[in-house]
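Here's a quick briefing to read alongside the model. Have a look at it first, then work through the points below.

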Amino acid sequence: MASSVPREEAWEAEDAPIDPRAIELRYRYHRAQRHARVLRRQESRLARYRFYIAITVLLAIAVAFVVGSWHEIQRLFGL
């Protein structure tokens, strides 16, 4: 059978001094973690928008090139 903790030792564990600086450091740490998570989410969203803009610009350039080439081919060969 497991021995129970004497009552006096249990009170000593509960009455342990709490360091206010440690509490503030933990708050600051978790706040920084939350802030980093929000920034990662925002950066991911902005990267997605930049990707779609770049693809749209490249497609527009490709379409302009194809249309210009098609008109030049029609002019040269009389199609």
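What follows covers the overall fold, the salt bridges and the surface patches.

This is a predicted model, so local features need pLDDT of at least 70 and side-chain atom pairs count only at pLDDT 80 or more, while totals for chains, interfaces and linings use all residues. Residues are numbered from 1 along each chain as its sequence is written, and side-chain values use heavy atoms, with hydrogens and water left out.

**Overall fold**

- The chain has 2 helices and 0 strands; both kinds are DSSP runs numbered from the N terminus, with helices being H or I of at least four residues and strands being E of at least two.
- Helix 2 covers residues 20-77.
- The 58 residues of helix 2 should span 86 Å at 1.5 Å a residue, and its end C-alpha atoms sit 85 Å apart, which agrees. That expected span is 1.5 Å times one less than the number of residues.
- After helix 2 comes Gly78, with a positive phi near 65°.

**Exposure**

- How much of the chain is buried? Of its 79 residues, 0% count that way; buried means under 20% relative accessible area, exposed means over 50%, and partly exposed is in between (1.4 Å probe, protein chains only).
- The accessible surface of the chain is about 7800 Å², and 65% of it belongs to carbon and sulfur atoms. Areas like this come from the Shrake-Rupley method with a 1.4 Å probe, and for residues only the protein chains shown count as cover.

**Salt bridges**

- You'll find 2 salt bridges here, each being a side-chain nitrogen of Lys or Arg within 4 Å of a carboxyl oxygen of Asp or Glu.
- One joins Asp19 and Arg21, at 3.4 Å from N to O. Asp19 is partly exposed at 32%, whereas Arg21 is exposed at 62%.
- The other joins Arg75 and Glu72, at 2.4 Å from N to O. These two are 3 residues apart in helix 2, so about one helical turn separates them. Arg75 is exposed at 60%, and Glu72 is partly exposed at 36%.

**Surface patches**

- Patches are built from residues with over 30% relative accessible area and no salt bridge; like charges are joined within 9 Å, and nonpolar side chains (Val, Leu, Ile, Met, Phe, Trp, Tyr) within 5 Å.
- A patch of positive charge includes Arg28, Arg31, Arg34 and Arg40. Lys and Arg count as positive, Asp and Glu as negative, and His and the chain ends aren't counted. A charge is placed at NZ of Lys, CZ of Arg, CG of Asp or CD of Glu.
- Arg40 lies in helix 2 and is exposed at 53%.
- A nonpolar patch of about 1000 Å² has Leu46, Tyr49 and Phe51 among its members. Leu46 also lies in helix 2 and is partly exposed at 41%.
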